[in-house]
Structure formats: C-alpha cells, structure tokens
Number of protein chains: 2
Amino acid sequence: MKHIVIIFLFISSVLNAQHLLPQPKELNLHEGKFKIANNIKVRVTRPSLKLNKYTERFIQRLEYSSGVYFQHHKIQDTISSYEIVINTNSTTENIHIETNESYAISVTSNKVIITAENNIGAYRALETLLQLITTSKNGPFFNNCSIVDEPRFKWRGLLIDVCRHWIPPHIIKRNIDAMAAVKMNVLHLHLTEDQGFRIESKKFPKLHELGNNGNYFTQEDIKGIIQYANDRGIRVVPEFDIPGHITSWLVGYPKLASANRNYEIATKYGVFKASLNPTEEYSYQFLDTLLTEMCQLFPDAYFHIGGDENNGSDWNQNKKIQKFMTKMELKNNHELQAYFNKRILPILIRNKKIMIGWDEIYDSNMPNSIAIQSWRGKESMIHAAKNGFPSLLSNGYYLDKVYKIEDYYENDPLPQGIDLTESQQKMILGGEATMWSEIVDQTTIESRIWPSALAIAERLWSSSENCDTKNFYVKVPFISNKLQEFGLTHINYQEALLGLISNNSSVQTWKPFIKALEPIRGYKRHDFLKKTLKYSTITPLNRIADACYVESFTARKFNTLIHKNCKKAGFCQYRNDIKYWLAKWAKSAENFQRISYKSTALSEAHELALKVQEICELAWRKVNSPSELTDRENQRAKKLISEIDTYQLDIRFAPIDGIKILFN
Amino acid sequence: MKHIVIIFLFISSVLNAQHLLPQPKELNLHEGKFKIANNIKVRVTRPSLKLNKYTERFIQRLEYSSGVYFQHHKIQDTISSYEIVINTNSTTENIHIETNESYAISVTSNKVIITAENNIGAYRALETLLQLITTSKNGPFFNNCSIVDEPRFKWRGLLIDVCRHWIPPHIIKRNIDAMAAVKMNVLHLHLTEDQGFRIESKKFPKLHELGNNGNYFTQEDIKGIIQYANDRGIRVVPEFDIPGHITSWLVGYPKLASANRNYEIATKYGVFKASLNPTEEYSYQFLDTLLTEMCQLFPDAYFHIGGDENNGSDWNQNKKIQKFMTKMELKNNHELQAYFNKRILPILIRNKKIMIGWDEIYDSNMPNSIAIQSWRGKESMIHAAKNGFPSLLSNGYYLDKVYKIEDYYENDPLPQGIDLTESQQKMILGGEATMWSEIVDQTTIESRIWPSALAIAERLWSSSENCDTKNFYVKVPFISNKLQEFGLTHINYQEALLGLISNNSSVQTWKPFIKALEPIRGYKRHDFLKKTLKYSTITPLNRIADACYVESFTARKFNTLIHKNCKKAGFCQYRNDIKYWLAKWAKSAENFQRISYKSTALSEAHELALKVQEICELAWRKVNSPSELTDRENQRAKKLISEIDTYQLDIRFAPIDGIKILFN
C-alpha cells in the first residue's frame with residue numbers, strides 16, 4: 001500500500017499547477033485568488049445572441065466543474081463588486097479563416113476580466129478560464145493571473161472519416177465540444193468514400209439511398225452539426241472525394257464511371273480502380289449540380305474535393321479516355337486529373353468557394369488560389385508554399401496510425417530551420433489531425449482521437465517555445481479527463497469493452513496487464529488484419545488492440561523511471577517503485593491467463609501473458625537483488641525480452657523497453 | 001492476493017451456467033454442445049424484410065459476442081448440415097398487444113432450430129440464443145437444450161420521462177435495444193410536462209418552439225424512434241399529460257389555461273396549479289387538432305392522456321369554472337376531470353385509439369374500454385380490474401425511487417392470493433417500469449434504468465414459479481454487463497463521473513469506498529435536495545449519490561456473508577474474506593479523505609469517510625480476534641454504527657448492515 005501513497009502524493013503535487021492546454025502565449029501568475037463562490041455573477045458588456053448562448057453554457061459548466069451551486073445563472077447587465085466580465089468589440093456570426101481569435105484574461109481577487117475583439121476570442125478565453133479552475137480545502141478558485149493569448153496557426157483542424165465506419169451526429173457533436181475546449185477550429189468531414197456516401201443529396205437521391213448501409217447525414221443533420229460547430233467558433237469543411245474513392249457513388253450512378261462494371265459498395269479497404277470519367281460532359285453536369293447543392297448547404301468558404309489516390313487503372317483501360325488524352329495532349333494521368341480539377345474549379349468559384357484538396361491536386365498550372373492539404377510528406381507542403389499555394393499539414397498527424405502522442409506533438413509544421421522564407425511560411429495555414437475510420441467504429445473512435453489530438457491542438461495554437469513535451473505529458477491526463485464532461489467515451493470505453501469480451505470476468509484483476517499494452521503503431525495493424533483476411537467494414541472491432549489506449553501512461557512512467565534510475569544490470573534507485581509495477585504486471589498477467597479462454601480476442605494474448613508474467617517476475621528479482629539471478633536466468637530473461645519485443649500480434653507490452661535496460 | 005483468487009474462482013464457477021433473463025418457461029439442458037465455429041450458417045425458412053433485418057443483426061452480434069470471425073454473414077436459403085434455422089409461419093409488420101410472442105428453441109450438436117408463430121417470437125428467441133453463448137477453452141458454444149417460452153403478461157413496459165431532463169433520440173434508441181434484449185415490449189414516452197413540451201407539433205408550433213429549452217423530438221425523430229422500436233418488436237405509446245402538468249403548453253398558448261397568469265416553463269419540481277380549462281370549447285378544439293395530429297404520428301392502438309396530479313386549485317379559483325360545475329351538476333374536481341376525459345374520449349375513438357391514463361382517469365361512468373395505469377397503489381389496479389377495466393401496474397416499479405432491485409423483483413402484479421377472480425386477473429395487462437427524470441440527466445439516467453429494469457423485465461415475462469430472487473441476483477451482473485453491447489453507459493458512467501468530480505485524482509484508490517455506497521431510497525433524496533433549495537431542472541447532477549449504483553453488489557455479498565457466517569459478537573467463519581473487504585473499505589475511505597477537498601460533492605462525504613474508516617478498522621479487529629476489543633472500543637463501534645446509519649446525507653454506506661451484526 002506504501003507505493004499507492006507515493007504515487008498518490010506525486011499526482012497531488014502537480015494538481016494545483018495550472019494545466020492549460022493549449023499553453024497560452026503569455027501567462028503570469030500573481031499572488032491571491034478569485035474564489036468561485038455561490039454568489040458569483042457573470043456580465044457581458046456587449047451582449048449578442050451568440051455570445052450570450054456560449055456564456056450561459058459557460059455558467060453551467062463552471063457550476064458543474066466547481067461543484068458550487070450558484071445563486072445566479074443568468075447573465076447580468078449591471079456592474080457588480082464580484083464578477084466575471086466579458087468585454088468584446090464586435091460579434092462575428094460566422095467564424096472564417098481570418099477571424100481574430102485573440103483574447104486576454106485578467107484575474108484579480110474580486111474580478112475576472114476577459115477582453116477580446118469578438119465573441120470567438122471570448123469563447124477561447126472562457127475555455128481557458130474553465131481549465132483554470134483549481135480546488136483547495138477552502139473551495140474552488142482561479143489563481144490571480146494575467147493571460148494574453150492568440151493562435152500561432154489559423155487552421156487547426158480535425159478530420160473525421162464517417163464513411164468507412166459510420167459516425168452518427170451525436171458523436172460528431174460531442175467531439176466538436178472537445179475541439180472547442182482545446183481551441184481547435186475546423187471540423188473536416190470526409191463524407192464520401194468507396195465504402196459509403198454519407199450525406200443526403202436531394203438532387204441525386206440514389207447517392208445516399210444506394211450508396212451506404214443505411215446510415216448517412218440528412219441535410220437537417222448537417223445543418224444541425226454546422227450550427228453546433230458555429231456556436232462554438234468552429235468551421236465545418238466538407239470533403240467530396242473525387243475523382244477516385246467513389247465506388248459508392250457508382251452504385252446509383254454507374255454512368256459516372258470510367259469502366260463498365262457491376263458496382264457495389266466496397267466492404268474491403270484499400271485503393272480501388274473506380275474513378276469518375278473525366279472525359280464525359282455528363283460527369284461535369286452531374287458534379288455541377290451536386291457540388292452546387294452541397295456548396296449551398298455548407299457555408300464555409302473552403303470546399304474539399306479530395307483528389308487522393310486516384311488509381312488510374314480504369315483510365316488506362318478505357319480507350320475513349322486514352323484517345324481524349326492524346327487529343328488534349330495530356331501526357332499522363334496526373335495531367336488528366338489536373339484537367340479534371342480545372343473543370344471543377346469554376347463550379348466552386350461560381351459558388352464563391354475556395355478549392356482545397358490533397359497533395360495530388362497540386363499542379364503548377366492550377367491558380368494558387370487553391371489550397372493543398374499535405375498527407376504524403378512535409379515536402380509537398382513546402383513545395384506548395386514555395387509556389388505560393390496556401391497549404392495545410394496532415395502528414396504526421398494521422399490519428400489512425402496510433403503513434404506515440406509525443407510523435408504528434410513534436411511534428412511542427414514550421415520547425416526551426418525550415419527552408420521557407422518568412423512570406424512563404426505565411427502560406428502554411430496550419431494543420432489537421434486526420435481520423436480515418438478503417439479500424440475504428442463508434443465505440444473506439446474517440447479513444448483514437450483523444451488524447452492524441454490534444455498534441456496537435458497545442459502544437460497548432462501555441463508558439464513553439466511554449467511547447468514542451470515533458471510539460472505536455474503532465475497536462476494530458478487532466479485535460480483528457482475533463483473532456484469526459486461532454487460525454488466522450490475515450491477513457492471509459494475500455495472498461496465496457498473488456499467487460500464485453502471477457503463476459504464480465506473480474507476485469508479489475510487483470511486490467512493492469514491490459515493497461516500496459518499498446519496497439520502496434522503505423523499501419524502495422526492494418527497489415528496484421530489483412531493477413532488474417534479480416535480487414536473489412538464488417539470486421540468486429542473488439543480485440544485487445546481495440547481496448548488498448550494509444551499510449552500506456554503507466555508504461556511511459558515506468559520506462560522513464562528505469563531510464564533515469566537504473567544503472568546496468570539492474571542496479572536501481574527507487575527500487576520499491578519499480579518492483580511495485582513489476583509485481584502488479586506479473587500478477588495481473590497471471591490473472592489474465594485464467595480468463596483468456598473467454599473469447600478468441602483474449603485467448604490470442606494468452607501466450608504473451610505467460611511471457612510477461614515470467615519476465616516481470618525475473619525483473620522483480622533482478623531489481624531486488626541484481627546479482628542473485630543465475631546466468632541461465634539472465635539468458636532466459638534476454639530470450640523472453642526478445643520474444644516479447646517481436647511478438648506476432650497487434651499489441652505490444654510497452655514496459656518491455658524499460659525491462660530491457662535492466663538486463664543490459 | 002489470496003482473496004482475489006477466491007473471489008475469482010467463485011465467479012468462474014457460475015460462468016458456465018445458463019444466464020437467461022428473463023427465465024424461459026421451460027428449459028431442459030441436454031448432453032453435448034453446438035459449437036459456434038466460423039463456418040456457421042443461418043437460414044430463414046420464411047424470409048421477410050423485417051425478420052431478415054433482425055437476423056442479420058443477430059449474425060453480427062453473435063460474431064461480436066463469440067469473438068469468432070464468420071465466413072458467412074448473409075442469410076442462407078438452402079439447408080446446410082451445420083446451421084441455425086429460423087422457422088416462422090407469418091410476418092407481423094407491427095407488433096400489437098395481442099401479438100403472439102411465443103417461441104421454441106432446440107439446440108442439438110449440429111443444428112439450432114428456432115420455431116415461432118411469427119417474426120416477433122423469432123426476435124425473442126434470437127435474444128435468448130445470444131444469452132446462451134457459453135465460452136470454454138475449446139471456444140464458444142451453445143449447450144444442447146430445448147426451450148419453450150412465452151410471456152406471462154402481454155404489456156411489459158418502460159416509461160421514460162424526456163421532459164424534466166431532455167433525453168435525446170440516440171439514448172432512447174440504445175435503451176430500446178436493451179429492452180429488446182430482455183424482451184420488454186412497450187416504450188412509453190412521457191412527452192409533455194410542466195418543465196417541457198418535447199415534441200414538434202406542426203399544428204401548434206409554439207408548443208415546441210416556446211415550451212422547452214430548445215430540446216425536443218422532431219416528428220422525423222419520432223418516426224425514427226418508432227421504426228427502431230418496431231424493428232425490435234416494441235410498441236411506442238405516447239403520453240400527452242392533461243389536464244394538469246401542462247405549464248409548458250401555456251407559454252405559447254395561455255388561452256388554454258384555467259387562470260390568467262404569466263406562464264413560464266417550470267424549472268422547479270412538484271405539483272403545479274396550471275391546468276387546462278375544461279369549460280372552454282377552445283380547449284377541446286385545440287386538443288382535437290393536436291391529439292389527431294399526434295394519433296396519426298403514433299401508430300400504436302393505445303394513447304396515454306396522463307391525467308395525474310391535477311391540482312385543481314386553478315379550477316377552484318375560476319368563477320366561470322365553478323358556475324359551469326354547478327350548471328352541469330359536477331360535485332367536485334374529480335367529476336369535472338371525468339367530464340373533461342369524456343370529451344377527449346371521442347377524439348381518440350375517432351382516431352381508432354384506446355385511451356389509457358393514470359389512476360385518476362378511472363371513473364365508474366367511463367366506458368371500460370379505457371385502460372388504467374396504476375401508480376398510487378395496487379388497490380387502484382385491483383379496483384379497476386374488478387370493474388372490468390384493463391389495467392397496468394406501475395406502483396412499486398418507480399425506477400427514480402432507486403429501490404433495492406429485489407424490491408422491484410418481488411413486486412408481482414398478481415401475487416398468490418390476490419383478491420381477483422381468474423377472469424378479473426385477465427384484465428391485468430402487465431406493468432411498466434417508470435423512469436421519471438427529475439434527478440437524472442443524460443449522464444446518469446441509464447444507471448437508474450439498468451440493471452433495475454431487469455427485475456421488472458423478468459417479473460413480467462416469466463411465470464412466478466420461475467422467479468427466484470437469489471438466482472436473479474446471480475444473473476444480473478452478467479446480463480447487465482452484456483447490455484453495454486448497445487453503448488449503454490449504466491456501468492462505466494461511474495468512472496467518468498468520479499474522474500470529473502475529483503479532477504482525475506487516482507480514482508482507483510478510493511473507488512471501493514464509493515462502490516460500497518448507495519443513494520438513499522424512495523423520495524428521500526428529493527427531500528434532501530429540496531432542503532438545500534437545489535431541486536430544479538438546472539441543478540448539476542454530479543454528486544456522489546449520482547455516481548453510486550442503485551445497489552452495491554459488493555455490499556450485498558458482504559452483508560450476506562456476515563449474516564450467514566457470523567455468530568454474535570464477531571465470531572465468524574470465512575474470517576479472511578470478511579477481513580479482506582473491511583481492510584479494503586478502511587483503506588479506500590482513508591484515501592478518499594485525502595482527495596475529498598477536490599469538489600463540494602466529495603467534501604460532503606469527508607466526515608462519512610472518517611467514520612467508515614474507523615468502523616471498518618474496529619470491525620476488522622473484531623473479526624480477527626473477537627475478544628480483543630475493549631468495552632470502550634465496542635461502545636465506540638456502536639456509536640459509529642448508529643451515526644453512519646443515520647448520516648444526514650443523500651448516500652448510505654451499505655455494508656453497515658453487516659457490520660452491525662458483528663457488534664450485536
């Protein structure tokens with residue numbers, strides 16, 4: 001029990017620090033505090049429907065988070081001696097890319113003053129204030145301070161792919177809440193894919209009637225989502241991915257295709273042959289009508305046309321297309337796609353939209369009014385910027401790759417020494433976290449978005465000198481926990497999923513073992529699933545890898561502890577702490593073995609659990625008394641480490657990195 | 001660690017039993033098993049859109065629950081040597097109160113045969129089959145068996161009040177899934193209240209535009225819910241509560257009122273004065289139009305008009321109403337309400353609806369075609385039945401009263417010895433669990449519905465001789481866990497809520513203390529909140545009482561253990577098990593004290609935690625060595641027990657009932 005207390009004190013000691021995420025530009029703490037008492041009042045100096053709505057929600061959230069029952073829930077219009085005041089100059093009905101999001105906060109003992117150019121800046125300030133709530137034995141308070149803040153990049157996005165797996169409006173909305181809480185400002189909805197056309201078209205109803213498994217956004221749903229986002233200062237950018245990734249369109253409208261084939265909604269994943277026919281006027285008439293309909297539905301200035309991974313093989317096979325290319329002197333498929341994009345551009349311009357697309361739409365013959373979203377590498381972003389194209393970074397921000405969170409965090413769109421002039425750097429609008437949904441469903445998607453996207457939120461808002469990986473990791477558990485306020489399930493889905501796959505088998509006794517596991521990173525898990533031939537839209541996503549968090553914070557702490565405190569061959573300081581975790585994992589891996597037959601998913605990890613138990617027991621003895629282990633035992637340990645390290649499964653026992661050091 | 005193993009083995013040993021809930025009428029287990037292998041096929045002998053849809057979902061759920069990746073996801077039409085077959089005679093598009101829900105299942109080593117009169121019976125059978133999944137080291141299987149099953153009552157309902165707190169469609173839908181899983185067949189939507197009019201009216205739009213805080217079901221939402229329920233063999237009965245409970249209606253349509261007053265949506269709770277004016281023709285014209293609109297929206301034959309708690313004081317104060325009563329020879333408000341109901345009845349009859357309402361609509365002058373839902377006591381149900389009125393039991397099924405689950409379970413609508421003839425007994429249609437939402441919100445409501453409603457589900461389906469409280473409690477954790485399949489949060493909301501109110505403070509170290517707490521029962525918590533003057537629609541529901549499960553199963557086990565194994569004054573068998581829990585609670589109550597300042601909600605329980613720690617430590621010593629305690633210590637223990645037992649808070653430390661025995 002001693003160790004629990006130690007850990008507990010460690011956590012407590014950091015609790016009273018300010019956990020602001022993203023880190024503000026300037027933060028100065030002062031003596032004294034503003035008490036969050038029940039007679040608190042909130043005043044808005046320039047009321048507007050939008051600001052009042054946000055402020056009213058703020059009052060409720062402050063009450064909920066502080067645990068104090070307030071006397072006043074309404075916004076005041078007269079000055080009070082003890083109040084939170086929100087000063088703005090103007091109201092912005094619709095946030096756009098140039099909207100000023102800056103704000104300042106001054107907390108003194110009887111007044112909190114928020115100053116912002118407009119309501120959007122005020123929203124950002126109110127979120128900061130909610131993160132400032134601190135608790136003490138004398139009740140909750142804000143520490144006196146002054147904050148001046150503004151974003152580094154103006155485009156801080158999250159892409160959600162609602163096509164490979166359907167993600168319904170209520171889940172989109174609570175993620176919008178979470179985005180607002182950490183000052184992200186663009187929701188990019190990936191609406192069409194080979195696996196599903198997920199939005200109602202009144203012009204071409206067979207798109208949504210035949211192009212999905214019954215799940216799609218109605219136009220009312222979309223209006224609701226846009227309103228919800230707008231109320232929180234978040235833009236919604238729709239993506240209609242053309243000319244590739246369009247199998248689902250062709251089920252209802254095969255005439256659009258470049259090849260005569262029997263089209264069915266794709267259930268497998270990958271890059272498909274299906275492509276729009278860029279040589280038929282029908283295609284452009286169709287797209288003109290459809291995109292005009294959609295441009296009217298989505299008020300944002302940007303309209304995403306995808307453009308990625310157009311396989312080209314159907315173009316190669318189509319003689320008419322080949323003839324057309326010869327006639328038009330188009331040398332290759334890239335040029336044909338550029339031709340296609342140039343035909344699409346006037347449609348968007350007529351609808352007052354700015355075209356944006358993936359790397360592949362970049363073409364030196366396109367006007368540099370279009371924007372490029374870089375997914376294949378930072379080079380394409382740099383190349384675009386050098387040629388005067390605005391661009392966004394998504395490469396390195398792929399949430400479906402389940403990278404270590406620090407890898408997202410340390411991916412700066414404009415790192416020191418980047419080969420771009422100052423004016424070229426201004427072409428970099430920001431970036432977007434991308435949540436592709438091949439191997440996430442409604443149950444698991446939030447655990448892949450959060451807390452990983454916190455890294456990208458801070459990176460894109462805070463100046464690079466304010467980004468510190470170590471400090472970031474201290475803040476993450478607290479901010480991630482707070483996001484549960486919106487009903488996000490990124491933390492507690494684990495318990496439910498483990499309960500389900502184990503038939504309620506005493507999860508607590510083996511959960512520490514699971515909590516030390518991580519899914520394998522990059523697209524290795526995709527490869528793993530492909531090998532099992534189970535890599536489709538109907539594959540149940542209820543394996544241990546699905547139940548694992550993206551990063552094991554206990555393993556991270558353990559590995560750091562060892563790294564810092566252990567000399568070679570197991571001579572360590574803080575031995576009790578290290579032994580505590582080793583004993584815990586050994587025991588829980590043992591417990592796991594007893595219930596591993598409860599489902600296929602669990603039984604696959606049976607052998608891993610055996611090895612983990614053995615290596616943890618050996619490591620425990622090594623730390624306890626380094627010279628006690630026989631040569632044979634040391635050899636055995638090394639063999640186990642190597643086996644665990646290369647274990648052929650889609651999960652990895654993360655503390656093995658620390659344990660390895662003990663036997664070096 | 002020894003104790004964990006003991007508990008673990010205990011759980012394992014019951015895992016392989018059949019946990020069927022509700023208990024089928026006849027269940028005979030045979031030798032052998034039907035293996036759930038990856039080449040399993042499912043065949044429907046009489047395909048229909050509805051049955052196929054349910055069956056396809058069944059295949060997905062069987063795959064998800066068994067953890068086996070299937071080769072065949074489609075319904076087969078040819079006989080196979082290894083298959084699940086679904087035989088039905090007919091398809092029922094819309095379940096109605098007389099729909100035959102019976103079914104039979106025969107499981108042999110290579111065939112599962114389901115036989116049912118219609119698709120609804122087949123749905124019930126498929127849910128039973130999913131509960132039959134058993135796991136072993138050789139993979140999942142169904143035990144060979146034969147089951148014959150049918151419901152005891154034809155109306156097995158759940159009422160959800162979406163007015164006091166708004167409950168959105170996606171939460172309603174996942175609760176419909178859970179209802180179907182345990183064979184409940186009526187969703188009663190309480191749609192209008194003083195605190196909110198929660199459904200769109202195209203005829204009188206000010207009802208939904210002005211009558212709520214912005215949250216209501218559109219008619220599209222309602223159609224979606226009805227379709228969803230219908231696809232699962234569940235009827236949807238709407239309630240429009242008149243003539244009382246109508247404050248929210250009057251905001252937009254004050255002309256309906258019996259008193260001239262400035263009407264605002266109620267935010268406090270209780271019985272209000274507001275009442276429709278039953279003497280004005282305007283009221284009937286309005287209701288004719290509105291109810292006709294709603295009768296067309298809801299296809300079910302029953303239409304609920306509420307009728308409860310009509311305060312009457314506005315009628316008493318209105319001279320015109322008083323004159324009307326004299327003229328019509330109506331002796332009291334009950335007779336006036338009966339007059340009102342008689343004017344409403346033809347509207348419903350014209351719309352081919354059967355009127356149903358609460359106790360208060362019973363009147364010997366009403367035709368006994370109307371149905372009575374009994375909430376005030378079983379007597380009104382008996383009285384109605386004796387007079388030939390069909391009736392439903394809800395008294396004793398109030399989920400918001402957070403009774404012990406056994407209290408719901410043991411509330412039989414027709415207990416042995418009830419004073420009703422056989423034909424009178426047939427007038428009892430069944431019952432309904434009622435989830436009133438004064439002190440539950442979206443976050444907590446499911447924890448009040450489940451697992452409590454499981455008790456009512458089994459009671460209303462299974463014959464009384466098949467209902468056994470002890471056996472029921474064995475099944476509950478497994479079935480409750482399984483319901484998480486639908487995304488229900490009734491279990492894992494606790495972790496999220498505790499994380500939020502403690503600012504992520506090492507919840508695991510003090511959770512055992514919370515898990516031993518229960519909310520105070522009946523309406524005591526309402527009284528408690530009234531006393532604090534915080535009893536309204538905007539009161540944050542994030543206290544410890546909200547985070548507690550309705551019943552602490554650990555406390556129940558502990559109390560039973562002591563009851564069975566302890567003689568007076570602490571002389572016990574199974575001493576280690578008892579001491580294990582006492583030590584756990586003492587330690588976690590101590591840990592709790594350290595973080596209790598994190599929020600008001602937690603700090604209120606600080607003193608309780610102190611007392612719990614002390615009594616658990618004393619009890620541990622008492623069990624360890626009964627004669628060791630001094631007289632003074634024994635006296636101190638008794639004092640603590642009495643203080644904890646009568647602690648002035650909205651939570652209760654449930655193991656105190658067992659601890660009490662140790663010091664007797």
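Visitor: Let's start with S2 of chain A. Which way does S2(A) run relative to S3(A), and how many bridges join them?
Guide: Strand S2 (residues 41-44) of chain A and S3(A) run parallel, joined by two bridges. Keep in mind that this is a predicted model.

Visitor: Which residue in S3(A) is the bridge partner of Arg43(A)?
Guide: Gln76(A) is the partner of Arg43(A) there.

Visitor: OK, zoom out. What's the strand order in that sheet of chain A?
Guide: The order in chain A is S1-S7-S5-S6-S4-S2-S3, an open sheet of seven strands with mixed pairing. Strand S1 (26-35) and strand S3 (75-76) of chain A are the edge strands, and each pairs on one side only.

Visitor: And S4 with S6 in chain A, parallel or antiparallel?
Guide: Parallel: strand S4 (residues 83-90) and strand S6 (residues 111-118) of chain A are joined by seven bridges. Within that pairing, Thr88(A) has Ala116(A) in S6(A) as its bridge partner.

Visitor: What about S5 and S6 of chain A, parallel or antiparallel?
Guide: Antiparallel, with five bridges between strand S5 (residues 103-107) of chain A and S6(A). The two strands make a hairpin, with three residues between S5(A) and S6(A). Ile105(A) is the residue opposite Ile114(A) of S6(A).

Visitor: Which strands of chain A does helix H3 lie across?
Guide: Helix H3 (residues 119-132) of chain A lies across S4, S5, S6 and strand S7 (141-149) of chain A. Relative to S6(A), helix H3 of chain A runs at about 150°.

Visitor: Switching to chain B. What's the sheet order there?
Guide: In chain B the order reads S1-S7-S5-S6-S4-S2-S3, an open sheet of seven strands with mixed pairing. Strand S1 (26-35) and strand S3 (75-76) of chain B have a single partner strand each, so one side of each has no neighbour in the sheet.

Visitor: How many bridges join S4 and S6 in chain B?
Guide: Seven, between strand S4 (residues 83-90) and strand S6 (residues 111-118) of chain B, which run parallel. Ile86(B) has Ile114(B) as its bridge partner in S6(B).

Visitor: And which strands does helix H2 of chain B touch?
Guide: Helix H2 (residues 49-66) of chain B packs on the sheet and touches strand S2 (41-44), S3, S4 and strand S7 (141-149) of chain B. The direction of helix H2 makes about 165° with that of S2(B). Helix H3 (residues 119-132) of chain B also packs on the sheet, touching S4, strand S5 (103-107), S6 and S7 of chain B.

Visitor: How much area do chain A and chain B bury between them?
Guide: About 5,200 Å², with 59% of it on carbon and sulfur atoms. The contact takes 49 residues from chain A and 48 residues from chain B.

Visitor: Why do you say the copies meet through the same surface?
Guide: Because 98% of the interface residues of chain A are also interface residues in chain B.

Visitor: Last one: how is chain A divided into domains?
Guide: Chain A has domain 1 (26-149), domain 2 (163-486) and domain 3 (493-662). The C-alpha centres of domain 1 and domain 3 of chain A are 44 Å apart.

Notes
Residues numbered from 1 in each chain as written. Chains lettered and ligands numbered in written order. Predicted model: local features only at pLDDT ≥ 70, side-chain atom pairs only at ≥ 80, totals over all residues. Heavy atoms only, no water. Pairing = 2+ DSSP bridges. Helix = DSSP H or I, 4+ residues; strand = E, 2+ residues; numbered from the N terminus. Contact = heavy atoms within 4.5 Å. Axes fitted to C-alpha atoms, helices over the stretch in contact; angles between N-to-C directions. Domains from an automatic or database assignment. Buried area = accessible area lost by both parts, 1.4 Å probe.
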